[in-house]
Amino acid sequence: MEWYLPVIWGLIIGVAVIMYVVLDGFDLGIGILFPFAKEERERDTMMNTVAPFWDGNETWLILGGGGLWVAFPKAYAVVMPALYLPVIIMLLALVFRGVAFEFRWVAMTSRRWWNAAFAGGSLVAAFAQGVILGGLVQGITVKDGAFAGGPLDWATPFAALCGIGVVIGYALLGATWLIMKTEGTVAERARAQAVPLLLAVLALMAAVSLWTPIAFERIATRWFSQPNIFFLAPVPIVTVLVALAVLHWLKSGREILPFLGTVGLFLLGFVGLAISTFPYLVPPSLTVWQTAAAAPSQILMLFGVIFLLPVVLGYMAFVYWIFRGKVREGEGYH
Amino acid sequence: MDFDPVTLARIQFAFTVSFHVIFPAFTIGLSAFIATLELIWLKTGRDVYHRLARFWTKIFAVSFAMGVVSGIVLSYQFGTNWSRYAEFVGSVVAPLIGFEVLTAFFLEATFLGIMLFGWNRVPPWLHVLSCCVVAFGTFMSAFWILAANSWMQTPAGFELRDGLAYPLDWLQIIFNPSFHWRLPHMLLAAYLTTSLVVLSVGARYLLAGKFPEESRVMMVMGIGMLAIVGPIQAFVGDSHGLNSAHYQPAKIAAVEAHWDSSKPAPLVLFAWPDEKAEKNLYEISIPRGASLMITHNLDGLFPGLKDFAPQDRPPVLGPFFGFRAMVGVGVIMILLGWIGAWLIYRDEETITRWYLRICSWAWPLGFIAILSGWIVTEQGRQPWVVEGLLRTEDAMSPLAGWTVALTLGLFLLVYGIIFATGIYFMNRLIVRGPGGTLIEPPARERPTRPLAAAHGEGQMTPGG
């Protein structure tokens with residue numbers, strides 16, 4: 001087996017996951033912020049900012065999961081049973097919130113229920129995604145290439161902390177998205193929410209960054225051994241600088257930069273996690289090489305990705321461009 | 001309490017996949033129908049086609065959302081509940097799903113945005129094009145998922161290495177021996193299912209004396225599809241059956257409730273197959289009928305269930321009754337189409353009320369046929385998940401029974417709520433009818449309408 005194929009695939013999965021986290025992150029964030037809107041028409045506006053995109057955004061989740069299956073079937077077959085309950089709960093939460101996009105507009109008397117389904121589904125899905133992330137980082141018990149742990153191994157305080165981190169992070173993405181895509185009361189409230197959310201995100205990122213090297217020896221070695229520390233030190237430093245920039249942009253009334261800055265924070269956090277775990281797909285035992293699919297499968301799908309993914313990105317960008325600009329109150333696309 | 005995880009996981013998968021298949025089957029047909037309506041509208045400029053397209057787009061939106069969310073569940077369920085299956089077929093089946101994501105899911109999901117929300121943002125030709133792209137996306141999705149399913153029925157183009165399937169020839173994997181019949185059979189089923197719903201809605205409006213112009217278009221298009229595509233489907237289905245008889249003889253033996261291969265098989269019209277006693281109770285049958293159908297020879301012999309060891313036989317009741325339900329519905333469909341065509345030919349202005357009344361109740365028929373056919377083909381493949389290679393009982397994830405029981409309960413609860421509400425809302429949209437678009441703002445003008453208008457009659461859904 002060519003040694004670089006699994007590495008390339010590790011990168012592709014990473015890109016799919018980060019695309020998902022950023023894109024579905026802001027629309028899940030809208031759901032998390034939903035209960036804080038005062039009036040129904042504000043909620044209409046909030047939902048309208050993401051209604052044309054959410055379905056495409058969520059498709060990245062299928063590419064992430066499906067891509068893992070294509071490129072690393074053994075990792076897929078270990079991770080999914082190990083994180084069984086949080087994965088299923090995330091999926092059910094996404095079911096509730098996905099149908100709420102359509103049901104809410106047809107509903108009359110039951111609209112408040114579908115508001116609750118949208119908000120609750122978004123919140124639970126985000127939390128479950130954080131738990132899945134935490135459950136993966138803290139490690140999975142593997143014996144003879146199969147999951148050999150208990151059904152509740154993932155349920156640790158660390159996973160809960162990651163869950164909270166993802167919820168707050170998505171809320172921040174959602175708030176900065178609203179600053180960019182709306183005006184009036186919705187945008188003003190989002191701007192007011194963004195500052196405390198940003199501070200909370202920083203605190204949670206710091207907590208995870210301190211917790212992981214203390215609790216997991218392999219992560220401490222990765223970061224603090226020489227000469228790694230000199231190459232890796234810029235990651236936390238740049239993170240702090242970007243956060244300060246976002247804070248400044250929020251205070252100075254910028255509309256697009258806070259969102260882009262928040263995306264930058266997510267990218268940096270993701271790079272940090274990747275540094276902590278590479279080359280393990282299933283820490284602490286299975287690497288990208290041990291779990292790789294047959295080489296012909298990875299090669300075939302690699303061609304698929306090289307030729308098709310740019311097309312996908314092209315038409316996605318086209319649709320974002322068609323629905324560019326601010327969504328005004330009452331100006332639904334519907 | 002002790003739970004058998006394999007049984008629970010099978011119930012869970014049967015439930016989630018049956019729930020899911022209803023919606024894509026409907027949206028495959030509906031997207032093609034809407035694209036057709038918009039193309040006719042673009043060509044003729046007749047407003048009725050535009051009104052119909054917008055009306056059905058609202059229903060499409062609700063159905064599509066349910067299909068998407070239940071489909072995401074499936075893409076993870078292969079790993080959560082069937083991890084040994086996922087590992088075994090990972091290098092062969094997973095790339096097919098990967099191509100489905102890249103060539104179908106993104107296409108549908110992205111252009112759906114324009115289809116639902118783009119009426120006022122893009123020129124009409126681009127909107128029509130988006131509808132066609134969505135319809136094409138649903139077709140591609142069916143292509144890949146049926147390639148994957150067919151491979152599990154008739155695996156080809158691979159070898160076993162270290163106990164796992166290893167790909168040798170991608171064309172043989174995709175175009176495996178049953179794919180070329182399974183794909184058209186499923187696609188035609190989807191188109192027929194949608195035609196029945198469209199026909200049924202048209203009949204309801206005509207009976208109530210509402211929306212006569214729209215109803216007439218729906219009736220004519222629905223009847224035309226049934227009358228022409230129905231018989232084609234019968235031919236494709238028959239060919240598919242012969243293909244199964246060649247590659248999956250145990251499945252066909254179960255479908256025909258045929259036990260003893262030493263005698264020509266009768267065509268069993270009704271019976272209660274008794275799997276323990278290995279015979280049929282209360283059998284009503286046409287002698288040598290099944291032999292004629294399967295072998296095209298009155299004296300033809302084909303394998304019976306007793307030719308297979310008991311642990312290699314599929315359950316008989318599901319495939320047996322499922323097949324009869326599917327064929328029964330098929331006959332009704334063709335009759336509805338031909339009678340309707342004759343009624344329209346005889347008198348274009350008025351269609352007899354008794355015929356309308358029958359049609360008004362015909363909407364679930366396609367769904368019944370699809371679910372029955374699904375049982376025939378999937379249960380008929382048991383005890384294998386990949387025919388002849390991997391048994392279902394060996395495909396399961398290492399899971400504690402209680403977790404599978406818990407998630408099964410959650411799926412039943414959540415899907416129950418979603419299904420009931422979704423059907424209720426779709427019915428409400430149908431009752432409201434296509435008339436709401438009369439207060440549309442003029443086309444090709446980006447509206448800044450007051451909120452009240454946005455919530456007015458017929459504007460309630462994103463599709464409106």
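At 30% relative accessibility, Ile8(A) counts as partly exposed (buried means under 20% relative accessible area, exposed over 50%, and partly exposed in between, with a 1.4 Å probe and protein chains only). The structure is a predicted model, in which local features need pLDDT of at least 70 and side-chain atom pairs count only at pLDDT 80 or more, while totals for chains, interfaces and linings use all residues. Residues are numbered from 1 along each chain as its sequence is written, chains are lettered from A and ligands numbered from 1 in the order in which they are written, and side-chain values use heavy atoms, with hydrogens and water left out.

Back to Ile8(A): this residue is found in helix H1 (residues 4–33) of chain A (helices, H or I with at least four residues, and strands, E with at least two, are DSSP runs numbered from the N terminus). Ile8(A) and Val288(A) are 280 residues apart in sequence, yet their C-alpha atoms are 9.8 Å apart in space.

Next comes the meeting of the two chains. Chain A puts 69 residues into the contact and chain B puts in 83 residues (contact means heavy atoms within 4.5 Å). About 7100 Å² is buried between chain A and chain B, with 77% of that from carbon and sulfur atoms; buried area here is the accessible area (1.4 Å probe) that two parts lose on being put together, summed over both. Zero salt bridges are counted between chain A and chain B (a salt bridge is a side-chain nitrogen of Lys or Arg within 4 Å of a carboxyl oxygen of Asp or Glu). Polar contacts do turn up, with 13 residue pairs across the interface, both residues at pLDDT 80 or more. A polar contact is a pair of N or O atoms within 3.5 Å; within protein, one must be able to donate a hydrogen and the other to accept it, and residues adjacent in sequence count only if both atoms are side-chain atoms.

On the side of chain A that touches chain B, helices H2 (40–50), H3 (54–71), H4 (73–82), H5 (84–106), H6 (111–138) and H13 (295–322) of chain A each supply at least two residues. H5(A) gives the most, with 16 residues. That side of chain A splits into 50 nonpolar, 10 polar and nine charged residues (Ala, Val, Leu, Ile, Met, Phe, Trp, Tyr, Cys and Pro count as nonpolar, Asp, Glu, Lys and Arg as charged, and the others, Gly among them, as polar).

The largest nonpolar core has 216 residues, and Trp69(A), Phe72(A), Tyr170(A), Trp56(B) and Tyr85(B) touch the most other members. Such a core is a set of buried Ala, Val, Leu, Ile, Met, Phe, Trp, Tyr and Cys residues joined through side-chain atoms within 4.5 Å. Helix H2 (residues 47–80) of chain B brings the largest share of this core, 18 residues. Leaving aside neighbours within four places in sequence, Tyr85(B) has contacts that include Trp69(A), Phe78(B), Met152(B) and Leu390(B). A second, separate core of 24 residues includes Leu226(B), Leu336(B), Tyr355(B) and Leu365(B).

Over all chains, the structure holds 20 salt bridges. One of them joins the side chains of Asp44(A) and Arg111(A) (3.8 Å, N to O). Asp44(A) sits in helix H2 of chain A and Arg111(A) in helix H6 of chain A, so this pair ties together parts that are 67 residues apart in sequence. Asp44(A) is buried at 4% relative accessibility, and Arg111(A) is buried too, at 10%. Both belong to a network of salt bridges that links Glu40(A), Arg43(A), Asp44(A), Arg104(A) and Arg111(A). Asn115(A), in helix H6 of chain A, makes a side-chain polar contact with the side chain of Glu40(A) at 3.2 Å. Not counting residues up to four places away in sequence, Asn115(A) also touches Phe34(A), Arg43(A) and Arg104(A).

In chain B, Arg324(B) forms a salt bridge with Glu256(B), with the closest N and O atoms 3.8 Å apart. Arg324(B) is in helix H11 (residues 317–346) of chain B and Glu256(B) in the loop between helix H9 (249–255) and strand E3 (267–274) of chain B, 68 residues apart.

The peptide bond from Phe278(A) to Pro279(A) is cis, with omega near 0 degrees, and another cis peptide bond joins Pro283(A) and Pro284(A). Asp144(A) is not a glycine, yet has a positive phi of about 50 degrees; this residue is exposed, with a relative accessible area of 78%.
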